[in-house]
Amino acid sequence: MNTIKTRTVCIGGAGRTAELKLGGVFPVAIQTMWKEGIVPVLTDERALFSLLDKIEALSSLGCRLLRFAVPDIESAEALCLIAEHCTMPLVADIHFDWRLALRCLEGNVAKIRINPGNIGSKERVKAVVDACREKGRAIRIGVNAGSFPSDIAKRVEAKEISRAEGLALTAIREAEVFEKLKFENYLVSLKASDVKETIEANEAFAKQCPLVPLHVGVTEAGPLIGGIVKSTLAFSHLLKESIGATIRVSLSASPEDEVIAAREILSACGLSTGGVKIVSCPRCGRNGFDVHGFIERWQHKLLSMDKDITVAVMGCVVNGRGEGKHADIGITGAGDSVVIFKKGKTVRTIRHKDLNLLNKNADIAFSEELKSL
Ligand code: SF4
């Protein structure tokens with residue numbers, strides 16, 4: 001068990017950007033990544049405001065940090081424009097061209113993610129570090145199993161060391177460069193798509209560099225279900241050892257799903273920072289209420305609310321109301337009706353022969369009852 005607290009990394013604080021502290025005594029922060037190109041925001045105001053609305057929605061779901069790919073100078077300029085209007089700290093993901101990092105740092109971009117292995121010479125890495133130091137920005141050193149330095153790659157290939165050891169050795173080497181430059185406002189990530197490798201690499205790094213906060217993720221984890229399973233296994237193991245200042249569930253799915261998955265993992269690990277908890281039944285042949293449809297319509301709305309409550313969504317009264325009686329509010333099918341209850345007591349009964357109107361009226365009644373909580 002790693003009981004040593006890491007250093008604290010400060011990000012944000014420039015312009016309108018909120019300040020966020022990572023590592024140390026601070027809660028594990030959820031991160032996700034924007035999945036589209038951002039250049040259109042430079043010439044299309046509607047695209048900019050639509051993107052800002054989506055960032056706001058991600059923030060309401062619990063996202064604290066958002067990373068963007070910056071493959072070219074136009075993207076760097078677009079990211080600066082977004083950061084100018086945005087309160088969430090934004091991260092520029094830079095590969096190969098260190099000058100893109102410098103351009104992002106001219107704006108309010110809060111953190112730069114680089115893989116020093118593909119940035120080139122030590123002078124280029126130093127230029128990025130110096131600019132971050134001067135402007136009070138943070139860096140994430142991102143190391144992954146696909147980009148070992150040649151000497152470490154040879155040792156891995158010869159099976160002299162495992163891939164997890166290769167990842168840890170690479171990250172330790174990069175961290176040493178930052179320590180020599182006396183730059184401490186950085187995190188490290190060591191990513192593999194294999195759960196065991198991810199765990200072993202992060203544990204090995206945390207043992208050698210216990211003060212350096214880690215961003216934890218399983219890279220290319222896969223589609224929604226497979227990716228959540230892999231990430232849950234890796235994160236629950238590492239978080240139990242206090243490893244992980246930030247997490248990202250990397251999925252072939254939407255950023256919203258990534259944030260919801262990360263939030264559920266933190267909650268299941270006892271690291272929840274509050275918000276709405278949804279308890280819902282799987283639905284079976286006894287159902288008198290479309291639980292799946294209700295969850296689809298309400299999940300984002302509920303999880304975006306600033307309330308610490310439990311919401312039960314049940315298909316029928318056979319088990320529904322009993323199992324949901326500890327919920328602050330619940331909704332269940334009851335024969336040909338839909339019942340809304342609070343702490344197990346019925347507060348509304350909705351009836352309608354037309355199923356669509358029943359669902360619509362149930363939504364309206366649920367919304368009204370929710371407001372009074
Ligand atoms: S609450 Fe009712 S509908 Fe839902 S799984 Fe249980 S018995 Fe089935």
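**Exercises on helix packing and a mixed sheet**

In this predicted model, helix α9 (residues 224–240) packs with helix α10 (residues 255–268), and both helices are the subject of the opening exercise.

**Exercise 1.** Describe how α9 and α10 pack, and state which residues of the two helices meet.

*Solution.* Two packed helices are described by the angle between their axes and by the distance between those axes. For α9 and α10 the angle is about 35 degrees, and the axes lie 10 Å apart. The next step is the handedness, and here α9 passes α10 in a right-handed crossing. Taking contact as heavy atoms within 4.5 Å, we find that Leu-224, Ile-228, Ser-231, Thr-232, Phe-235 and Leu-239 of α9 meet Asp-257, Ala-261, Ile-265 and Leu-266 of α10. Sorted by class, the residues of this contact are seven nonpolar, two polar and one charged.

**Exercise 2.** Work out the strand order of the five-stranded sheet, and identify its edge strands.

*Solution.* The five strands follow one another in the order β11-β12-β13-β14-β15, forming an open sheet whose pairing is mixed. At the edges stand β11 (277–280) and β15 (345–351), each of which pairs on one side only. From one strand to the next, the twist averages 20 degrees.

Terms used. Residues are numbered from 1 along each chain as its sequence is written. This is a predicted model: local features need pLDDT of at least 70, side-chain atom pairs count only at pLDDT 80 or more; totals for chains, interfaces and linings use all residues. Side-chain values use heavy atoms; hydrogens and water are left out. Axes are lines fitted to C-alpha atoms, for helices over the stretch in contact, and angles run from 0 to 180 degrees between N-to-C directions. Helices (H or I, at least four residues) and strands (E, at least two) are DSSP runs, numbered from the N terminus. A crossing is left-handed if the near helix is turned anticlockwise from the far one by less than a right angle, and right-handed if clockwise. Ala, Val, Leu, Ile, Met, Phe, Trp, Tyr, Cys and Pro count as nonpolar, Asp, Glu, Lys and Arg as charged, and the others, Gly among them, as polar. Two strands pair if DSSP finds at least two bridges between them.
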